[in-house]
Amino acid sequence: MHHKNLVCAVVFSLSSFVVSIPSFAASNYVVPTTTLTAQTANNTSAANSFSSQTNGNRGAGNISKVDVHTLLYSGNQTKVYAHMVMWWGQSNHINNGYSSTDPTQAANQVNDMISRGIDGVIIDWYGPGNQIDQATQLIMAAAEAHPGFTFAIMIDEGALEWDSCPGCSPQQALVNQLQYIEKTYFPSPAYMKINGQPVVTNFNIDLLYTIDWNSATAELSTQPAYIFQNNNGFSHALSGGSYAWVMPTASDFGLPYLTSFYQTGMGYGGESTIGATYKGFNDTLASWGSDRIMSQQCGQTWLQTFSEVNGLYNSGKQLPDLQLVTWNDYEEATEIESGIDNCLSISSASISSNSLQWNISGQENTVDHYTVYISTDGQNLMPLTTTEEGNRTVNLCSFPIPSGNYKMFVQAVGKPSLANQITSAVSYAPSCASTAGSTTSSVTFTAAPAAMSLAPGSSGKLMVSAKPQSGSFNSAIALSCSGLPATLSCSFSPSSITPGSGTASSTLTIASASASAVSGHSGNRLLPLLAAGLLPVGMSLFGMGRGPRRARRLALLAVFAAAMMTIACGGGTGASQVRSAEPAANSTYTVTVQGKAGSTQLSTTVNVTVE
């Protein structure tokens, strides 16, 4: 072993010896991975200053980052694109708190989209050489920094009206703009393509102008895949497909229009069908608005437009593409950047006989799942478990929580892009008969062996088993791990087990990250030696006396020494400490193996030592 790792191991060992005082059991069990602030603060690219608007836009806050694809049918291969406008910061538009020509904002928006599972962006473009074109190039640069994330240009009819060359006809203006797009955007490795052809869409050009698309295309060196709009877009000259849009004046939320669009697209198998989902529409804050309003229905409009897709497509009949209408059009209130209000609240969390329960107000079909957090200080949180929508009770005795005082939180995690809500803290002191293993609902839940040692970069296997103590248990038990550090991962084969009247088992594989794959600051080699020497000296000096004062002194000394060791061994949070993903040699982690079957929750623990 490297000398540095040996010293760190010694200090870890001494620290563990000193702090194995009962009062530290709780803090050893709870390994925070997030904070209350992180789970309540704005986690979107909307400006922190952005507050709720009268047109229904939700102010910046904490929203669900569940992958948007989960709202689509099982087995979908659909590419999901966000429709984006780029005019913010201009004086003729409302102030939404940011400028589209800010490179940091452009990067934040692409990062936010990716975090929600969005595959690319379609940009509402108004011609070359203006502020919107400048902002579009920033999005191009941000997309290029994320391989797999793509962008495409939608030529707005306003580009021909306001940005055409002097004296040019609409036809010539379009040719000029297509040539500019071909030169400026097509070469980008992030530019969206269909069957190798760069995609170009447009908004209302054929509605307002007479265009010869064949003639315009003849002026290009590259043949684009033109995507037109609505049902007749599929039969348009040179059509590579068509896209659907929101119908704000429809009293039926545009659902019959979407049905007709999808059915029409199915008759054009060689073309791309780009569906549409949206949260609603309200243009009362737009200077050009005409009081077109489609209610958001507290998130139901958003969910209904996805259901419209799922009623017509499946894994054997795929919808190729889907456009979210829209990412950030704050003036017409179809933006999803700041999230969608589901009008839901979660409250009245309480604990009775070690059972955590909570209530909600609102429509629960907007909830993806519930996450239960445990904390020792009410600020730093560890996810304890998750429950499905509809299950609002957790038996805390099914987890090996040591004696101590805790704060419990429950978060209602919304379906994709819907708001998250979290309860206030609930105090909890375990009073379970036993926290070793788990026998909830007369099922014995075990892992064998209960300990393993791994070298960095290696993996080990153990067997997880469930057996009813009497009778039979015929529900599938879903398996998962919690308490994993960033350096460990786990997988089950199979991922769920059903014991019936016998024993059902799954192979759990725990893998350790390779140290050679991570580079970092080498740390201060003197501090581990100082920490290692400090403990015996300190124990001699401060260990005299008896009772609580001596215990507190030793505990404080151990914490101080461990902190020095952590800094030296790469565990700090400063800029130079970039070893957070490096396996820590001779460290033992307690991994909780969980089993869930409806309201039945099982758990057992495995000690994993990284050598």
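A residue counts as buried under 20% relative accessible area, as exposed over 50%, and as partly exposed in between. Cys-298, with a relative accessible area of 27%, is therefore partly exposed. The views below show a predicted model.

**Figure 1. A disulfide joins Cys-298 to Cys-343.** The sulfur atoms of Cys-298 and Cys-343 are 2.2 Å apart. The torsion about the S-S bond is about -85 degrees, so this disulfide is left-handed. Cys-298 lies in the loop between S11 and H10, and Cys-343 lies in the loop between S12 and S13, so the link ties together parts that are 45 residues apart in sequence. Cys-343 is partly exposed, at a relative accessible area of 41%, and Cys-298 is likewise partly exposed, at 27%.

**Figure 2. Cys-397 is joined to Cys-432 by a disulfide.** The S to S distance of this pair is 1.9 Å. A torsion of -95 degrees about the S-S bond makes the link of Cys-397 and Cys-432 left-handed. The pair links distant parts of the chain, 35 residues apart: Cys-397 is in the loop between S17 and strand S18 (406-414), and Cys-432 is in the loop between strand S20 (426-428) and strand S21 (443-448). Cys-397 counts as partly exposed, at 22% relative accessibility.

**Figure 3. Cys-481 and Cys-490 form a disulfide.** The two sulfur atoms are 2.3 Å apart, and the link is right-handed, with 125 degrees about the S-S bond. Cys-481 counts as buried at 18% relative accessibility, whereas Cys-490 is partly exposed, with a relative accessible area of 24%. The count of disulfides comes to three.

**Figure 4. Helix H10 (residues 300-310) is largely enclosed by the rest of the structure.** Eight of the eleven residues of H10 are buried, which is why the helix is described as largely enclosed. The buried residues are Gln-300, Thr-301, Trp-302, Leu-303, Thr-305, Phe-306, Glu-308 and Val-309. Their cover includes helix H9 (255-266), strand S9 (272-277), strand S11 (293-294) and strand S12 (321-324).

**Figure 5. Three strands form an open antiparallel sheet in the order S13-S14-S17.** Strand S13 (345-352) and strand S17 (393-395) stand at the edges with a single partner strand each, so one side of each is left without a neighbour in the sheet. On average, neighbouring strands of this sheet are turned by 15 degrees against each other, direction ignored. Strand S14 (residues 355-361) is joined to S17 by three bridges, and these two strands run antiparallel. Ser-355 stands opposite Asn-395 in S17.

**Figure 6. Tyr-126 and Trp-162 belong to one aromatic cluster.** A search of the whole structure finds 23 aromatic pairs. Tyr-126 and Trp-162 form a stacked pair, with 6.1 Å centre to centre and 15 degrees between the planes. This pair links distant parts of the chain, 36 residues apart, with Tyr-126 in the loop between strand S3 (120-125) and helix H4 (131-144) and Trp-162 in helix H5 (residues 157-162). Tyr-126 counts as buried at 12% relative accessibility, whereas Trp-162 counts as exposed at 56%. Together with these two residues, the cluster comprises Phe-50, Trp-87, Trp-88, Trp-288 and Tyr-330.

**Figure 7. The side chains of Arg-116 and Asp-112 meet in a salt bridge.** The N to O distance is 2.9 Å. Arg-116 counts as buried at 1% relative accessibility, and Asp-112 counts as buried at 3%. The whole structure contains six salt bridges by the search.

**Figure 8. Glu-335 forms a salt bridge with Lys-279.** The closest N and O atoms of this pair are 3.9 Å apart. Glu-335 lies in the loop between S12 and S13, and Lys-279 lies in the loop between S9 and strand S10 (281-282), so the pair ties together parts that are 56 residues apart in sequence. Both Glu-335 and Lys-279 are buried.

**Figure 9. Arg-292 forms a salt bridge with Asp-283.** The closest N and O atoms are 2.8 Å apart. Arg-292 is partly exposed, with a relative accessible area of 24%, whereas Asp-283 is buried, with a relative accessible area of 0%.

Key
Residues are numbered from 1 along each chain as its sequence is written. This is a predicted model: local features need pLDDT of at least 70, side-chain atom pairs count only at pLDDT 80 or more; totals for chains, interfaces and linings use all residues. Side-chain values use heavy atoms; hydrogens and water are left out. Buried means under 20% relative accessible area, exposed over 50%, partly exposed in between (1.4 Å probe, protein chains only). Helices (H or I, at least four residues) and strands (E, at least two) are DSSP runs, numbered from the N terminus. Contact means heavy atoms within 4.5 Å. Two strands pair if DSSP finds at least two bridges between them. Axes are lines fitted to C-alpha atoms, for helices over the stretch in contact, and angles run from 0 to 180 degrees between N-to-C directions. Rings of Phe, Tyr and Trp (its six-membered ring) pair if their centres lie within 6.5 Å; planes under 30 degrees apart count as stacked, over 60 as edge-to-face and the rest as tilted. A salt bridge is a side-chain nitrogen of Lys or Arg within 4 Å of a carboxyl oxygen of Asp or Glu. A disulfide is a pair of cysteine sulfur atoms within 2.5 Å.
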